[in-house]
Amino acid sequence: MREFTSPPLVDAANHRNATELLMQRVRTNPGHIAFEVRAADTAITDPWRQVTTEQFVDEVRALAKGFIAAGIQPGESLAIMSPTRYEWALADMAAWFAGAVVVPVYETSAAPQVTAILADADVRLALGGTAEHAALLEQGFSNAGIQPLGIWTIEAWPGSDLADLVARGVGIPESTVEERRLLADLDSVATIVYTSGTTAAPKGALITHGNFVGQVLNVAGAYTEVVREDGNTIIFLPMAHVLARGLQLICLANGMRIAHLSDPRDVVPALGALKPTFLVVVPRVLQKIQASAAAAATQKRLGRVWASAQSTAVEWGRFAEAHDADPAVRASAGLRIRQALFDRLFYARLRKVVGGRLDYLLSGAGALDAELSLFFRGLGLPVIEGYGLTETTAPLTGNLPGSINSGSVGVPMPGTTVRLTDQGEVLARGVGVFAGYRREADNADAFVDGYFRTGDLGELDHLGRLTLKGRIKDVIVTAGGKTISPAIWEGYVEGDPLVAHAVMVGEGKPYLGGLVLLDPETLAAWAEREGIADLKGLRIPNDGGAVQIDDVRLLAVIGQAVSAANAKIARSEQVRRFVLLLTDLTEANGIVTPTMKLKRGAFTERARHIVDSLYADTRRQG
């Protein structure tokens, strides 16, 4: 199959712009709890402040008045640089009420990145989460040669915080805010989102009000089992990421309660306190949950029992998927008995750890190993894997409840067409596909025949389900002329919880090699369990470099993962030699994006000498 279209479920035409998603909600159910807000300096388990839809609209209007009083004009850009928190949501919507265009800036961005975004988007006013963010924004404006209307902080800062901004707007009439709110139409730019830049310089994607409205209405229509009034979620993804903002709008428009967390370390205790029914995660979170469960079982000398429980969960997950496709399929008596036993021993406890009410998890921002997906399905925690980009306003395809196919990223979202070129590149057209990049030069190769070029390789099955095969720019051509897509091997190896990233190399070389970046936190825990003192204290280079690890015990463990990955692919696509590396996996190091995707080009260039050693020193087996 070369093309598949999912027809739209809802027409966005009766919405003036994205603010109408909120206004329709407040008209129908003003007293419904829209947000749970954690007060400063309180414990996760303390009561959270509840904010109704009506209260949120009142706060939005008050802040919008402040923006207007500060001088922001319709169509001008307003930047927000802050950790994920309730006030991010408040400022985002208030900017739209004031007629402004929102420019999110990742809170981890370095000064040159801040300057580049402020200059490119011609930002006029900015909010910083903290005084430090405000200082970075001030420096950025200065370097860009922009005289801003002002910089305010979300955290309390007398004279320069949100309370001061609201106070400034007290004299602005309600009618002025309403006029501003209605200025934008569906074709108007709502936000300029700068891509993470895994392979190139960041580009400003122009996302319209129509993109948001079309996605919110159609995604909610496709996921009625997930998006519901009695449900709730916790958002801990960066709010600068379009997926977090899209999820927030979907929940807000449909009455699903939202809580925000800025520190991912708070997620586990928050799950018990807030008991979400739905959660968006990245695959690494799921890997760590599985690894933690295995480690806990090992400490209790139940390692072998857990291994059987894990394989049973995968088997039960496979049965559940088969049952979705054909309700006549039945599990064997032996599988039913094992599933019931392990549910009492392990599965029910794991469901309780994540709050006890989770109906579904959504995994995005990276490839999800099929067996890991099946494992969670077997636990009673189905994982919906989806795929999307900044340029598609987040979801482009997704598995659907009752039709989850592990290993694929599902079917096109309603109102979307996915087409494959002869080379296998994924093209997209539909309600979520953006208007283009801010700089015209960036649009030169971005579209073909009205379709956006994703740069990803994929396959469509007879049901329209998409399976990703890697990035076009990552394809390797060996010295023998063999063209290899490294993503499949890399995904298998990254299924090991000790591995943060796997990178296949071998462009123009006689055979393929691998760079395996270990997860420092998981490695330390593993070394502790194994009683290996010399690994626990390994120093991670702070100069952006990588340290190679030649420990034979660790090489043997990772070697099993490499061998297992090789066994699943053709001989010509297998990695012959690999090395283990530790590096600083933070954005400050310059090799990962704010969403923790590896910048392959930057990393392989930095590790060029290590790559060369894979081919220069044939005596060593990495």
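This is a predicted model: local features need pLDDT of at least 70, side-chain atom pairs count only at pLDDT 80 or more; totals for chains, interfaces and linings use all residues.
In strand β11, A259 is the bridge partner of I234. Strand β10 covers residues 232-235, and β11 covers residues 257-260. The two strands run parallel and are joined by four bridges. Between them comes helix α9, residues 242-254. Together, β10, α9 and β11 form a right-handed β-α-β unit.

Which residues of β10 are buried on each face? N232 and I234 are buried on one side, and T233 and I235 are buried on the other. Both faces of this strand are therefore covered. In a regular strand, side chains alternate between the two faces of the sheet.

Strand β6 spans residues 123-128 and runs parallel to β7, with four bridges between them. Here L127 has W152 in β7 as its bridge partner. The chain passes from β6 through helix α5, residues 131-144, to reach β7. This crossover is right-handed.

Now step past β7. I154 sits in the loop between β7 (150-153) and α6 (162-168). Is I154 buried or exposed? Its relative accessibility is 8%, so I154 counts as buried. Beyond its neighbours up to four places away in sequence, I154 touches S82, R85, E87, G128, G129 and L162. T45 is 109 residues from I154 along the chain, and their C-alpha atoms are 23 Å apart.

Next, the nonpolar cores. The largest has 91 residues. F35, F56, F67 and M93 have the most contacts inside it. Helix α3, residues 86-97, supplies the largest share of this core, 10 residues. Setting aside residues up to four places away in sequence, its contacts include R49, Q50, V51, F56, Y86 and A89. A second, separate core has 34 residues. Among them are I234, A293, Y347 and F375.

Helix α12 comes next. This helix covers residues 303-325, 23 residues in total. From first C-alpha to last, α12 reaches 33 Å, close to the 33 Å expected at 1.5 Å a residue. What does α12 pack against? Its buried residues pack against α11 (283-299), α13 (333-353) and α14 (370-379). Those buried residues include W306, W316 and F319. T312 and E321 are buried in α12 as well.

H15 lies in the loop between β1 (3-6) and α1 (19-28). H15 has a relative accessible area of 5%, so it is buried. Its contacts, leaving aside neighbours within four places in sequence, are E20, L21, Q24, L186, V213 and L217.

S408 lies in the loop between β15 (394-398) and β16 (411-412). Why does S408 count as buried? Its relative accessibility is 1%, and the cut-off for buried is under 20%. A polar atom of the S408 side chain lies 3.2 Å from the backbone nitrogen of G410. Leaving aside neighbours within four places in sequence, S408 is also in contact with E385, N399, R465, L466 and T467.

How values were computed: Residues are numbered from 1 along each chain as its sequence is written. Side-chain values use heavy atoms; hydrogens and water are left out. The expected span of a helix is 1.5 Å times one less than its number of residues. Buried means under 20% relative accessible area, exposed over 50%, partly exposed in between (1.4 Å probe, protein chains only). Contact means heavy atoms within 4.5 Å. A polar contact is a pair of N or O atoms within 3.5 Å; within protein, one must be able to donate a hydrogen and the other to accept it, and residues adjacent in sequence count only if both atoms are side-chain atoms. Two strands pair if DSSP finds at least two bridges between them. A crossover is right-handed if, with the strands pointing away from the viewer, the path from the first strand over the helix to the second runs clockwise. A nonpolar core is a set of buried Ala, Val, Leu, Ile, Met, Phe, Trp, Tyr and Cys residues joined through side-chain atoms within 4.5 Å.
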